[in-house]
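This report is written for a reader who is meeting the structure for the first time. Please keep the sequence and the 3D view open beside the text while reading.

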Amino acid sequence: MSTHPHLPRWIPGLLALTAIGLVPWTLWLTFSLPSRHVSDRYDLAWVGFDVALAAAFAATAWCAFHRLRWLGAFAAVTGTMLVCDAWFDIVTSHTGIEMLEAALEAALGELPLAALCAYIVYDTERFQATFDLLRRPTPAARRAALRAMTDDAPAAQPEARARRDRPA
């Protein structure tokens, strides 16, 4: 018995029709759009996208820290945005240093983070269990903390005794 919610039968058909409809639309754009376009709000587009990306990262982190069931959904959004960011950084950059910088950012930052998000989506339970292990102190760390606390206790005791001996 499936634990997934039942989708109405028309939803897969709508998604398939949309995918099919995007093929001629994409072909039309391929031949009708100019190769170069200058926009007055280019900066606003990128700043807005990066603000949304930061919000997606924050929501994903919040869900991971608080073990919320939305973790997979927010990780999917964040990973998708990272792939889009890498793509548009590369295809909108000029040749030379700018292109190299965009490719390095994609290879070393955006795409590995997108892969981590994909892993979270693929196996949210295992990711959360691993994350919980990393957040909890190991038994050795607990013992070291207890030792440190007991080592500090004798130094604090003479001072406390001296205060008790003084008349009030």
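On the face of helix 5 that is turned away from its buried side, the exposed residues are Glu125, Arg126, Leu133 and Leu134. Here buried means under 20% relative accessible area, exposed means over 50%, and partly exposed lies in between, with a 1.4 Å probe and protein chains only. Helices (H or I, at least four residues) and strands (E, at least two) are DSSP runs, numbered from the N terminus.

This is a predicted model, in which local features need pLDDT of at least 70 and side-chain atom pairs count only at pLDDT 80 or more, while totals for chains, interfaces and linings use all residues. Residues are numbered from 1 along each chain as its sequence is written, and side-chain values use heavy atoms, with hydrogens and water left out.

The buried residues of helix 5 are Phe127, Gln128, Phe131 and Asp132. Seen down the helix axis, these buried residues fall within an arc of 135° (taken from the directions from the axis to the C-beta atoms), so they line one face of helix 5. Their cover includes helix 2, helix 3 and helix 4.

How buried is Gln128? Its relative accessible area is 5%, and therefore Gln128 counts as buried. Leaving aside residues up to four places away in sequence, Gln128 touches Cys63, Ala64, Arg67 and Leu71, where a contact means heavy atoms within 4.5 Å.

In soluble globular proteins, nonpolar side chains tend to be buried together.

Leu82 touches Leu53, Phe57, Glu110, Leu113, Ala114 and Cys117, again not counting residues up to four places away in sequence. Cys117 is buried because its relative accessible area is 6%, whereas Cys84, at 32%, counts as partly exposed.

## The whole protein

The protein has six helices and zero strands, and buried residues make up 17% of its 168 residues. Among contacts between residues at least 6 apart in sequence, 62% join residues at least 24 apart.
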